[in-house]
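Hello,

Here is the structure I promised to send you. Please open it beside this email and have a look around before you read on.

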Amino acid sequence: MKKKKDGKMTITQKIRERHPVVETPHFKQIAEYTVFTVIGFLFGCGSVLGELHPFGISIVAVSKRKHFLFTAAGAAAGTLIYGLNAYTARYITALLIAALCAFGISALRLGGEPLAAVVSAFGAALITGLIIDVKLSENVSGYVLTLAESILCAGGTYFFYRVLHSDYRRLRFSALAYDETACVVISAALLLINLSDIKLYRFTPARIVAVCVMLTVLRFFGERRGIVFALCLGFVLSLNSSETLLITGVFAFSVMIASLFINVSHLAAGAAFLLCVSFFCISSQIGFAADLFADSAAGCLIFLLLPVKLTAKLEELGEVNSAAHNDGSLRQSLVLKLRFAGTAMAAISESVEQVSERIDEITRKENRKLKEEISEEEFASREIILEKTNQIRRVASDQFFSISGMLEDLAFEFDKFETFDSSASAKIRSLLSDYDIHPQSISVVEDKYSRIRVEILADSPTSRLEKPFFRKEIGKICNRYFDAPVITYCKDETMVSFNERPNFRLETGFAQHSADGHLCGDTVKILGDSNGHSILIISDGMGTGSRAALDGAMGAGLISKLINAGFGFDSALKVVNCALLVKSNDESLATLDIANVDLFTGKCEMLKSGAPASYIIKGKSINKCELFSMPAGILRGIEFARRTAVLSPGDTVILMSDGISDLGEGWIKRTIGSLSLLQPQEAADTIIKAALDSSGEKIDDMSVIVARLTRN
């Protein structure tokens, strides 16, 4: 026994020394051989139409070198259950031929493709069958039956080969190929044939399992898959004997009827399935009708009594599968293309910057060489033109960089949407069609935070969707509460959006005062986005009057439109900054003061670009939020200064322009400290009135937003 370098044994070594474990090095091999023996036995004892046994030959033909003897022994034991006769000898011989062929295929390393195994199985079944037919002087129908059995044997061999050679590690990533999945289902169904001979009193376990599987697939994986499973399982079970051939139609039609009630409840679907089966059992007057009804009733009962944990797992698997088939590949492809486009734009921005610097260096050298040959006025003119040209190039570079950021924002926005619920979309479309509303498209989108948004695009105005009835019914379908719809008109189309109702709401009020009595240089915007955020914006243009009003309106207007379009705050600020830089030859700037409140969690993000301090009132406590940053329109590459706070119901956020903040922190705290009992609009009006009374001769444009968080 190995010891540590100091000669002492570890605790694990001591335990092993005191309690030695009897290890069985061949246990894994024994278990593996047992499994293949049992599989061979199950396929060997199964029959098709009561007298054919093709699948024992198939499973032996595809066995690997170390397994084929055990599989062949199990299949032979299964075949011997039916007694000793000429047909038994024929199948034992065919199994021996298939085993020898499997050994030869393995020795010659021909196992890379299923063709060799398929040919060997087909040949073993056909040759031995023809010998028996000749010996027993069978008629033409006997030879045809032998050929059909050989073809069935070859088909089973192909499916078994694909199952044994599939890469099941891809199941972990839900990436098993469709054809491989189909082969697994068919092989499982063929195994079900062999179990269909087993009976417990009047019950056939294979049929009970089939009914439960069909209804489970119908419930969790959709009507189309449910009907496909019903056809496959019904066909397989009907091969057991000539008497059971009608099971295919019974199961397929019954599952189709059940699919009409699956949206009502799984209990209704199970009842519909059972009633349909009972109709066929009564009307067909077949000998095993009572047994078929008993099996269907047992399968329905198991389906209805599935454990909650299992149904939760199946429901999750069904949703993931649906999302992957409906939108996963398209969404990921779009996200990748947007990100690549964003990276390309960033590269273009860097190239423009480098080229601009190189051109500036060359041009300045040329100007210095010509300085002695030209007049001072011409030299100064050249320098001014060069500086303006450089400014345009820098702004162009910034614009490319801004576009890069906007594309990244769009990629993040699309990537954030986890699932598109096609089932809920279909239900909403059915609801609207009952009221003669036929929209172009309906999207039910659930993001990573499990927040749902419903978007309905229609050709014509649909004012009826504003009624509370539709909001309530759509909420029932999605199992959520929705706010009143937001309706957007664009040419001949109308977009109606239902956003999930958040936990909180923001009561807001704002007030303004113009210093020159006409146009206020501050612009106030209050808006909400589709993700449950309420956004407060104050933009203060430089100076007073019309010019300040233009800068403030440009800053607030641009950033609010970009945010509404789904772009992030940082990329939106870059666009605003570039726009103000190129607006005119004169200096043009605007501050931006933003509060972004998440109405689901209460998280409040403060973003400032040259803006004065803001205040958050929590009970009797007044918290100042002062962040230092540059306003937009002065320099390139400016960024927001940020701070985050968490609001509780009753907390108040106050944003104000410098016309109020310049009056002093002490005055502000005394004024807002007495506003807790007022409504937000009354509080905003009170602040403006108090500021005008305290400003004296110094009058500037004034704006204030007061917002209070309350439970929804």
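Below are some notes on one helix and on a few salt bridges. Please keep in mind that this is a predicted model.

Let's start with helix α6, which covers residues 115–135. Several α6 residues are buried, including Ala 117, Val 118, Leu 126 and Ile 132. Asp 133 is buried as well. Just after α6, look for Ser 137, which takes a positive phi of about 55°.

Now for the charged side chains. The structure holds 18 salt bridges, and here are some to find.

- Glu 605 and Arg 642 meet at 2.6 Å, N to O. Glu 605 sits in strand β10 and Arg 642 in strand β13, so this pair ties together parts that are 37 residues apart in sequence. Glu 605 counts as buried at 18% relative accessibility, while Arg 642 is partly exposed at 37%.
- Glu 455 and Arg 453 form a salt bridge at 2.7 Å, N to O. Arg 453 is buried, with a relative accessible area of 9%.
- Lys 669 pairs with Glu 665, their closest N and O atoms being 3.2 Å apart. Both lie in helix α21, four residues apart, which is about one turn of the helix. Lys 669 is partly exposed at 31%, and Glu 665 is partly exposed at 34%.

Enjoy exploring!

Conventions
Residues numbered from 1 in each chain as written. Predicted model: local features only at pLDDT ≥ 70, side-chain atom pairs only at ≥ 80, totals over all residues. Heavy atoms only, no water. Helix = DSSP H or I, 4+ residues; strand = E, 2+ residues; numbered from the N terminus. Expected span 1.5 Å × (residues − 1). Buried < 20%, exposed > 50% of the residue type's maximum accessible area, 1.4 Å probe, protein only. Salt bridge = Lys/Arg side-chain N within 4 Å of Asp/Glu carboxyl O.
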